[in-house]
Amino acid sequence: MTTARDVPEYERDLLTQLTLRWGKRVAVKKDELDLDGHFDAALPDFPEHLVPVLHLPGADRLDREARGRILSAAWISYNAKTAAVEDEIILPACRLMLQDRIPVRRDDIAVDALHQTIIDEHYHILMCHNAVGVTRRRRDLADLRFAPGVWSVVQGRDAVRAGLSGFDRDIVDIAFSLAAETTISGFLSALATAQDIQPMNRITTDLHRRDESGHAVVFRELCGSLYRNLDAAQRRMFREALVTGLAAFRAADLDPWVTVAAQGGLEIGTGELREWAASRPVPARDTGPLRLLLDDLGIDHGLVEMVRR
Ligand SMILES: [Fe+2]
Ligand SMILES: [Fe+2]
């Protein structure tokens, strides 16, 4: 009879299992998707219920074509945000965790996991770029662009970082990446599970989401090892940056939505959008991944309540 005691340490280590299976499970190792083959011009590019500007006064007067352009622009915006999170927040944090000065788990398996994650995330940027390229061409939206600094989560990270340097700044960067990696699966699921939208958009988002379930484990493990090596003041800074990051990830991206609305000729202001968002109940959210993370870090679940506010 085999008991838990007989199982070698490496088999019990989730990170070992993940890194060993990497070549078989991730998007970058699969054949590229035939994007044009999964594009149906008759279907909307994005679910209407996820587009706040379509719920503002005046939107009911838009014709079908204008609504369609707003949905296509929303899809382009969604990918621009995803790519900005990968490039601005997650990739720099992965590279940081490979540096000797960061006291994080750094055995061969951990280093493998970080390099694999870097390759995945960079491939996700390419997936976003390619999918959006098809949308720009097929929907005649070649000029629609979003700068990486327009997103609330990037702005939130920059605000917390301001005035910090050295290791304190590294802690903030890594805590924000952990917030992003804890949240991105839910963000992608909203589209990966949407019915009646462009198959190309649903499939490409679902491919990305599948990779993220592995990353959640990598980040919990590595950030957990970092957190346990911090002193009390550094731990507090990490927790505060994590809470700010989780809130910033959920905050409405006001300027990008104004740009999206303009693609369908709908003129709105950020104030109007902010008021609308404030009048709505806070959407329910799955706090399961966050609770798992807090357990791994040994942080009290009270932090979940702070994030809800
Ligand atoms: Fe990703
Ligand atoms: Fe990721």
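This briefing covers the nonpolar core, helix packing, and selected residues of the structure above.

The model is predicted; local features need pLDDT of at least 70, side-chain atom pairs count only at pLDDT 80 or more, and totals for chains, interfaces and linings use all residues. Residues are numbered from 1 along each chain as its sequence is written, while chains are lettered from A and ligands numbered from 1 in the order in which they are written. Helices here are DSSP runs of H or I with at least four residues, numbered from the N terminus.

**Nonpolar core**

- The largest nonpolar core holds 72 residues. Such a core is a set of buried Ala, Val, Leu, Ile, Met, Phe, Trp, Tyr and Cys residues joined through C-beta atoms within 7 Å.
- A residue is buried if 20 or more other C-beta atoms lie within 10 Å of its own, exposed if 12 or fewer, and partly exposed in between; C-beta atoms are placed from the backbone.
- Val53, Ile70, Ala74, Ala175 and Ala180 touch the most other members of this core. Helix 3 (residues 64–96) gives the most to this core, with 15 residues.
- Leaving aside residues up to four places away in sequence, Val53 touches Ala59, Ile70, Trp257, Val260, Ala261, Leu266, Ile268 and Leu273. Contact requires C-beta atoms, placed from the backbone, to lie within 7 Å.
- Leu273 lies in helix 10 (residues 270–279). Leu273 counts as buried, with 21 C-beta neighbours inside 10 Å.
- With residues up to four places away in sequence again not counted, Leu273 touches Pro52, Val53, Ala252, Leu254, Trp257 and Ile268.

- Helix 8 (residues 232–250) has 19 residues, which should span 27 Å at 1.5 Å a residue; its end C-alpha atoms are 28 Å apart, which agrees. The expected span is 1.5 Å times one less than the number of residues.
- Buried positions in helix 8 are Phe238, Ala241, Leu242, Thr244, Gly245, Leu246, Ala248 and Phe249.
- Helix 6 (residues 166–192) packs with helix 8 at an angle of about 40 degrees, and their axes are 8 Å apart. Axes are lines fitted to C-alpha atoms, for helices over the stretch in contact, and angles run from 0 to 180 degrees between N-to-C directions.
- That angle makes helix 6 oblique to helix 8. Angles under 35 degrees count as roughly parallel, over 145 as roughly antiparallel, 65 to 115 as roughly perpendicular and the rest as oblique.
- The crossing of helix 6 and helix 8 is right-handed. A crossing is right-handed if the near helix is turned clockwise from the far one by less than a right angle, and left-handed if anticlockwise.
- On the helix 6 side, residues making the contact include Asp168, Ala175, Phe176 and Ala180; on the helix 8 side they include Gln234, Phe238, Leu242 and Phe249.
- Asp168 of helix 6 is partly exposed, with 16 other C-beta atoms within 10 Å. The C-alpha atoms of Asp168 and Gln234 are separated by 7.4 Å, though the two are 66 residues apart along the chain.

**Other helix pairs**

- Helix 3 and helix 4 (108–139) pack at an angle of about 160 degrees, with axes 9 Å apart. The pair is therefore roughly antiparallel, and the crossing is left-handed.
- Helix 7 (residues 199–228) and helix 11 (residues 288–297) pack at about 35 degrees, with axes 9 Å apart. Their crossing is right-handed.
- Ala216, Arg220, Gly224 and Tyr227 of helix 7 meet Pro289, Leu292, Leu293, Asp296 and Leu297 of helix 11.
- Gly214 also lies in helix 7. Gly214 is buried, with 22 other C-beta atoms within 10 Å.

**Loop residues**

- Most residues other than glycine have a negative phi.
- Asp140 has a positive phi of about 55 degrees. Asp140 sits in the loop between helix 4 and helix 5 (152–161) and is exposed, with 11 other C-beta atoms within 10 Å.
- Asp196 has a positive phi of about 60 degrees. Asp196 is in the loop between helix 6 and helix 7 and is exposed, with 8 other C-beta atoms within 10 Å.
- Ala41 is in the loop between helix 2 (14–25) and helix 3. Ala41 is exposed, with 9 other C-beta atoms within 10 Å.
- Ala41 and Thr135 are 94 residues apart in sequence and 9.7 Å apart in space, C-alpha to C-alpha.

Technical notes
Helix = DSSP H or I, 4+ residues; strand = E, 2+ residues; numbered from the N terminus. Contact = placed C-beta atoms within 7 Å.
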